[in-house]
Amino acid sequence: MNPPVETLQQTIKVEDDRTGLSLETLKRAIADNLFYIQGKYPAIATKNDFYMALAYTVRDRLLQRWLNTTETYLKSKVKVVCYLSAEFLMGPHLSNNLVNLGIYDQVRRAVEESGLDFVELREQEEEPGLGNGGLGRLAACYMDSLASLEIPAIGYGIRYEFGIFDQEIRDGWQIEITDKWLRYGNPWEIERPEASIDVKFGGYTQAYNDENGHYRVRWIPDIIVKGVPYDTPILGYKVNTANTLRLWKAEAPESFEFEAFNVGDYYGAVNEKVVAENITKVLYPNDEPIQGKQLRLQQQYFFVSCSLQDMIRLHLHRQDSLDNFHESFAVQLNDTHPAIGVAELMRLLVDEHQIDWDRAWQITQNTFAYTNHTLLPEALEKWPLSLFGRLLPRHLQIIYEINQRFLGQVRAKYPDDHQRIARLSLIDESGEKYIRMAHLASVGSHAINGVAALHTKLLQQDVLRDFYELWPEKFTNKTNGVTPRRWIVVSNPKLAELINRKIGTNWIKHLEELKQLEAFVEDAEFRQQWRQIKQDIKRDLAEYVKKNHAIDINPQSLFDVQVKRIHEYKRQHLNALYIITLYNQIKQNPNIDVVPRTFIFGGKAAPGYFMAKLIIKLINSVAQVVNNDPDVRERLKVVFLPDYNVRFGQRVYPAADLSEQISTAGKEASGTGNMKFSMNGALTIGTLDGANIEIREEVGAENFFLFGLTTPEVYALKAKGYNPWDYYHANSQLKTVIDLISSGFFSHGDTNLFRPLVDSLLYHDQYMLFADYQSYVDCQEQVNQAYRDEEKWTRMSILNAVRMGKFSSDRAIREYCQEIWNAQPVNVEMQEYVQPKP
Ligand code: OX2
């Protein structure tokens, strides 16, 4: 037992190197950390050493808030939101923490007065790329908003040793390089081995009667893996709240090694360790599920089990009974990756805490809520029953039990509707048997949401239609949002400063207040300032591209940007078709008056996604021809910038004039890049898909370049029988473009290179590029006309940015809190640091 607190602790005032904010103190702290943590003095320190010294200096200044926050939550019985996500794409921490602490300028000065280059140090940080794209980045924006709104929250996920691969482009092709983000250490995390948790895998189950004669099941596993938590503070903007991101690393439990060692199987013991540690080695680099990969299911179960056991421990620390677990925690499932949590919580409650099934089920349903992020049928997760049963035998039994009771309910409501029952079942029995994870999530949750209005509607009508008919009250829409802290204040400080001068700083936490700036749209001086900022940032980007990629781009040209994962439904190749169209126009008439444009692409392709990789190759091949043709005379430039990530996003969104959001209607659940561009004053060319629809509603149809089929039109055309050849034959411009690719013009005469891509368009065109082609080209012409009128364009740009209030992640999180989680803000009081007596 620990001795009473009073005898151990005394309060001391700390205005020292560890927390002080004066210039002198900050400078001393950096020097001190360099010496005592990095073990270096300036003469021999690397840039990274200086970065680490700086990072620790900043971390020291948020620890007090972090500890106070944790303590506040432990002491009171407030409800804590637990965001379960296999991905958290946090981006660099340093700048964000400086902004949220409100000490950016002060620390920058201290660094500079120490004779160091602040920007150079800032760029040293390795970004934790623990996500693939939108889904992981959404989790990161939501963590920022939860903390900024002072909502108690924990983000639970996986500490992958290798995050998303680094992308290089060689000879126009994507090459994947392993991401060794932990190589030089991670100053933002703290390992908490004392809070480790055991997770079981494999083996078999045994029925038995307990001392009261109740029927029970125990699980005798094959192996046990230890989950070690690594905690990172997530500070809110100018508040005391610092929530925790808790990521689990898999290790072998020492006891196992020891046993094996005793029986002489030393190598076997070491191998066990290797197998265990493999679980959190690498992030699967797909934005679609990897069907049937055992390691992936192990990852999912591993982090979910650790997290739920952790919650139960925290709960029992605050009270005696698990009966009101759902009043302690609201658990959000970020897509189906953590959906196994439904069965795991049932197992923990029923098997390990002897709660009866019905009560456990009530608790479980009241605890979970499920967010769906995609309608693509190939992206709906399902696990082969055989694999599942081998790895998680007890969970399979529990899922059968859940299913039996659930289908009983369905039968009562729809007697004899066997097809409906088969469609709703948690088990797909149409061929090889599968567990349908979206069904498990839907049955085990009290709320189900899509991520944009259209997406939620389509969920209700299509993918989850039967569930919607059963429980319409469970469904709500939660349109995505992004954090204005990172996506304006951190990434676009010049714009933030202009806004601050006009309307103060309230907008940073109340984005809808940007509306006040509409009053300045007719102010010529303001428009000039607005333009100048965009111009300066474009010049910065041009310099960066020159320095890092040795390509000249013209900062006066229209910056047309498409950055996102490479996927056929996102239609980067439609953009490429337009570039070739423009190129052909110039070749036919070299003196044609075109608006100079720089086409900027960025994005990674899943390593096994052949067509996506071929699209990258096509873009680079077109770039090579267009950029080197003297007839083009620098009027068109095409650049594919390698290794698109959060950091590069921060550079490119503020520099964009035009944002490409051109997915086939009905395919992009929401999109979040679309919001980041618009907030930074880019205009959108887009389809009526995902959140584009709502963005257009907010900014006004006259400030949005709309083209393409609507979702009902897409469905109708598909139903009628879509034939891409009709478009090919009817549209000579389109035919010329396709023929040029086929001819080998962009591939040094190789007519085979792009054949798979061309054939897939001509023979299938699943994503209907040909149907939207002419509408896209015409719309791009409207973009050109608008860009020629500088004042008009600036007005449109301003109106886009200032009408984006709805798309703050603060709005989204407020809605989740009110309509799904029933979570309230909690004020964290700053206490003085309490140090143990010597
Ligand atoms: C993405 C969706 O594709 C995107 O439209 C959405 O904005 C984002 O999630 C955040 O909601 N994996 N990534 C996504 O869905 C899945 C599955």
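Visitor: How many Å separate the centres of domain 1 and domain 2, taken over C-alpha atoms?

Guide: The two centres are 36 Å apart. Bear in mind that this is a predicted model, where local features need pLDDT of at least 70, side-chain atom pairs count only at pLDDT 80 or more, and totals for chains, interfaces and linings use all residues. Residues are numbered from 1 along each chain as its sequence is written, and side-chain values use heavy atoms, with hydrogens and water left out.

Visitor: Which residues belong to each domain?

Guide: Domain bounds come from an automatic or database domain assignment. Here domain 1 is 77-92 + 127-479, and domain 2 is 511-807. The contact (heavy atoms within 4.5 Å) takes 35 residues from domain 1 and 39 residues from domain 2.

Visitor: How do I read the area between domain 1 and domain 2?

Guide: The size of an interface is often given as the accessible area lost when the parts come together. Buried area is just that loss, with a 1.4 Å probe, summed over both parts. For this pair of domains it is about 2900 Å², with 59% on carbon and sulfur atoms. On the domain 1 side, Gln167, Trp173 and Leu454 lose the most area to domain 2, together 20% of what that side buries.

Visitor: How many salt bridges are there between domain 1 and domain 2?

Guide: A salt bridge needs a side-chain nitrogen of Lys or Arg within 4 Å of a carboxyl oxygen of Asp or Glu. The count between the two domains is two, while the overall count by this rule is 62.

Visitor: Where does aspartate 171 lie?

Guide: Look in the loop between strand 4 (166-170) and strand 5 (173-177); helices (H or I, at least four residues) and strands (E, at least two) are DSSP runs, numbered from the N terminus. The side chain of aspartate 171 meets that of lysine 617 in a salt bridge, 3.8 Å from N to O. Its phi is near 55°, a positive value in a residue other than glycine.

Visitor: Why is aspartate 171 called exposed?

Guide: Because its relative accessible area is 64%, and the classes are buried under 20%, exposed over 50% and partly exposed in between (1.4 Å probe, protein chains only).

Visitor: Which salt bridge links distant parts of the chain?

Guide: One of them joins glutamate 123 and arginine 647, with the closest N and O atoms 3.3 Å apart. Glutamate 123 is partly exposed at 31%, and arginine 647 is partly exposed at 21%.

Visitor: Which residues are linked in a network of salt bridges?

Guide: Asp417, Arg420, Arg423, Arg465, Asp466 and Glu469.

Visitor: Which residues make the nonpolar surface patch of about 550 Å²?

Guide: Patch residues have over 30% relative accessible area and no salt bridge; like charges are joined within 9 Å, nonpolar side chains (Val, Leu, Ile, Met, Phe, Trp, Tyr) within 5 Å. Accessible areas come from the Shrake-Rupley method with a 1.4 Å probe, and for residues only the protein chains shown count as cover. This patch is made by Phe35, Tyr36, Ile37, Tyr41 and Ile44. Isoleucine 44 lies in the loop between helix 2 (23-36) and helix 3 (47-75), and is partly exposed at 45%.

Key. Buried area = accessible area lost by both parts, 1.4 Å probe.
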